[in-house]
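User: I would like to learn how to read the packing of helices in a structure. Could you take me through a case, step by step?

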Amino acid sequence: MSSRRRHPPKSEEASRAERALADIPEAYPRPLLQALHLLTRDGALNADARRKLKQIEHLLRTLDPAISDALIRFPEPVIVDCGAGKSSLGLLLAATRLRPAGRGRVIAVESRAELCERGRLVAQACELTQIEFQNCKITEVRERLPERVHLVTALHACDTATDEAIALALAVEADHVALVPCCQADLARQLAALGTSAQSTPHTELPSLYRHPWHRREFGSHLTNVMRALTLEAHGYQVTVTELAGFEHTLKNELILARRVHRVSHEARARLTALEDLFGVRLPIGPMP
Ligand SMILES: C[S@@+](CC[C@H](N)C(=O)[O-])C[C@H]1O[C@@H](n2cnc3c(N)ncnc32)[C@H](O)[C@@H]1O
């Protein structure tokens, strides 16, 4: 029997997983990846985990300038991760960026107690002291935070939780903000409540943009993120909107990065007000400066 027959060719998926496994940087502790189910117990990488890991890795690399900036300027940088879920981002951030630096901490904010408890156990098992967990809503966390926060992140924080993260970042005057919004339904609800007939607004052509529920959801989500970026600019942030990773990795792919440059933009504020007036909608973020 030929050796080729005894060893059937690996499936494309298996070879891809092997290559991806070899590509994981040493700085990512294998036990942590296993605890986060990003590696199986045998140390293998499945397709789902590969996708998730790729997203997080890309986000971490994108956050590096903000993290380096905070590490250079502050002795104990504070990163607040809003809607942390299983805290994959926070735990990996702590393991691969803060532990090597020997400074700084991540505060993971999560409303589900069991996820916070799980995060604590994983951190303990991996001897990660650079992360702590706050089991509360984003709107309730401010008084539990130190005075100075250097980076606020929110990765796929559901619906208006991203707006809560923005409100928090503005309240604590975070130096950097990184948002990967999830689906947002609030503005679509507001548009639906206004009515979608041509008579519902003096701008009779506008309701065509969101008359169908599908369009209303997509348009509402786009308008939301445009208004989020303008809100940050209006409050003195320089904003970059880009993609998190290729569309093969996730459909919720928009990444909003903001750096506080202390220049309140009256122009952004005027643009935001114009959009609010044109469509009759408001983000649940609170009053302008
Ligand atoms: C879709 S998950 C994303 C989790 C994680 N950031 C990730 O990307 O894997 C959103 C998480 O945000 C939490 N969440 C939603 N609204 C929240 C709020 N207002 N305050 C705190 N946590 C919230 C949910 O419980 C959930 O665990």
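Analyst: Two packed helices are described by the angle between their axes and the distance between the axes. In this predicted model, helix α8 (residues 186-194) packs against helix α9 (residues 213-234) with their axes 7 Å apart and at an angle of about 120°. Angles over 145 degrees count as roughly antiparallel and those from 65 to 115 as roughly perpendicular, so α8 is oblique to α9. The crossing of these two helices, α8 and α9, is right-handed.

User: Which residues of α8 and α9 meet each other?

Analyst: On the side of α8 they are Leu187, Ala188, Leu191 and Ala192, and these meet Arg216, Arg217, Gly220, Leu223 and Thr224 in α9.

User: At what angle do the axes of α9 and α10 cross?

Analyst: The axis of α9 and that of helix α10 (residues 266-279) cross at roughly 150° and come within 8 Å, and the crossing of α9 and α10 is left-handed. From α9 the contact takes in Leu223, Met227, Leu230, Thr231, Glu233 and Ala234, while α10 contributes Ala268, Arg269, Arg271, Leu272, Leu275 and Phe279. The residues of the contact of α9 with α10 divide into 8 nonpolar, 1 polar and 3 charged. Leu223 of α9 is named in the contact with α8 and also in the contact with α10.

User: With which residues is Pro181 in contact, leaving aside its neighbours within four places in sequence?

Analyst: With those neighbours set aside, Pro181 is in contact with Thr162, Asn225, Lys252 and Glu254. As for distance along the chain and in space, Pro181 and Arg282 are 101 residues apart in sequence and 17 Å apart from C-alpha to C-alpha.

User: Finally, which residues come nearest to the ligand?

Analyst: There are 19 residues around the ligand, and those that come nearest are Gly83, Gly85, Ser111, Leu155 and Ala161. Helices α5 (88-101) and α7 (161-172) each supply at least two residues of this shell, and the residues of the shell around the ligand divide into 10 nonpolar, 5 polar and 4 charged.

Methods: Residues numbered from 1 in each chain as written. Predicted model: local features only at pLDDT ≥ 70, side-chain atom pairs only at ≥ 80, totals over all residues. Near = placed C-beta within 6 Å. Helix = DSSP H or I, 4+ residues; strand = E, 2+ residues; numbered from the N terminus. Nonpolar A, V, L, I, M, F, W, Y, C, P; charged D, E, K, R; others polar. Axes fitted to C-alpha atoms, helices over the stretch in contact; angles between N-to-C directions. Parallel < 35°, antiparallel > 145°, perpendicular 65-115°, else oblique. Left-handed = near helix turned anticlockwise from the far one by under 90°. Contact = placed C-beta atoms within 7 Å.
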